[in-house]
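Biologist: Can you walk me through this model? I'd like to go through it piece by piece.

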Amino acid sequence: MRRWRQTAGMSDSSEGAIRPAATILLLRDAPDFEVLMVKRHHQIDFAAGALVFPGGKSHQGDSDPRWRDHALGFDAVEADDAALRIAALREAYEEAGVLLARDRDGAFYAGEAAKDIRAAVAEDKVSFIDVVADLGLSLDLSALTVFARWITPKLMPKRFDTWFYVAHAPLAQQAICDGHEAVDAEWIAPRRALELAASGERKVIFPTRMNLRLLAESASPADALVRAAERALVTVEPWVDGEVLRIPPEAGYGAVTEPLSAL
């Protein structure tokens, strides 16, 4: 059973300024161990131009009670967790065109996500649940494992309570960016993404970089899922200490500091 821990001073989840959000680390091991990342549009107001995992804030439709009939594993998780998992899968669909769902025979969906429908979902013109239902599919919530949880520090103007999930991606689907929030989608080895960040070739924000480091400790998608399931979840809410941000060392990232000038 997962062991839940809370850091001292963690913000109350009822605080109105903090929005729930979800992010997904989609992994593959053919040809190599890689994670799906997207490049944020330079005009987006959060993490503009950065290389990130698909994700975003929760929408009301993620809590639609109809999901009980269109989401495998719905009753195996708490209601809030189900909505967050749905949000993560919706964001992967909107931003990268990957739909982690199964058909009535239990096979992973292998079809192509139409770009106009994805755009309509992203713009709230079409509900995600109607797209999934019309395709005769069920989202596979059971395929997701909790990887991490980060809360934006108090010094930031916009704050999110973000749950990170990890899943083995269906190989039959191609990742194609939406051209709106994401302008590029690529499969990349975790260590390579860290190298690009260190050299300054790519912008990778602090939480993403830390979770890439954690992911890089794994040898394969299967290994990453096992490690995530066994790891005690410590909520990370960075705090200011002089000119740096600090995070709890017991969260699994080691003794980490991030210069405020880098934010």
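Biologist: Is Asp 124 buried or exposed?

Modeller: Asp 124 is exposed, with a relative accessible area of 60%. Buried means under 20% relative accessible area, exposed over 50%, and partly exposed in between, with a 1.4 Å probe and protein chains only. This is a predicted model: local features need pLDDT of at least 70, side-chain atom pairs count only at pLDDT 80 or more, and totals for chains, interfaces and linings use all residues. Residues are numbered from 1 along each chain as its sequence is written, and side-chain values use heavy atoms, with hydrogens and water left out.

Biologist: Where is Asp 124 found?

Modeller: Asp 124 is in the loop between helix 2 and helix 3. Its phi is near 60°, a positive value in a residue other than glycine. Helices (H or I, at least four residues) and strands (E, at least two) are DSSP runs, numbered from the N terminus.

Biologist: Which peptide bond is cis?

Modeller: The one joining Ala 30 and Pro 31, with omega about 5°. Pro 31 sits in the loop between strand 2 and strand 3.

Biologist: New topic. At what angle do helix 1 and helix 2 cross?

Modeller: Roughly 130°, and the axes of helix 1 (residues 79-96) and helix 2 (residues 115-122) come within 8 Å. Axes are lines fitted to C-alpha atoms, for helices over the stretch in contact, and angles run from 0 to 180 degrees between N-to-C directions. The two helices are therefore oblique to each other. Angles under 35 degrees count as roughly parallel, over 145 as roughly antiparallel, 65 to 115 as roughly perpendicular and the rest as oblique.

Biologist: Which residues make the contact?

Modeller: Helix 1 uses Arg 90, Tyr 93, Glu 94, Glu 95 and Ala 96, while helix 2 uses Ile 117, Arg 118, Val 121 and Ala 122. Contact means heavy atoms within 4.5 Å.

Biologist: And the largest nonpolar core, which residues touch the most other members?

Modeller: Leu 26, Trp 67, Leu 139 and Leu 144, out of 43 residues. A nonpolar core is a set of buried Ala, Val, Leu, Ile, Met, Phe, Trp, Tyr and Cys residues joined through side-chain atoms within 4.5 Å.

Biologist: Which element gives the most to this core?

Modeller: Helix 1, with nine residues.

Biologist: What is Leu 26 in contact with?

Modeller: Leaving aside neighbours within four places in sequence, the contacts of Leu 26 include Val 35, Ala 92 and Trp 187.

Biologist: Last one. How many residues of helix 5 are buried?

Modeller: Eight of the 10 residues in helix 5 (residues 206-215). Among them are Phe 206, Met 210 and Leu 215.
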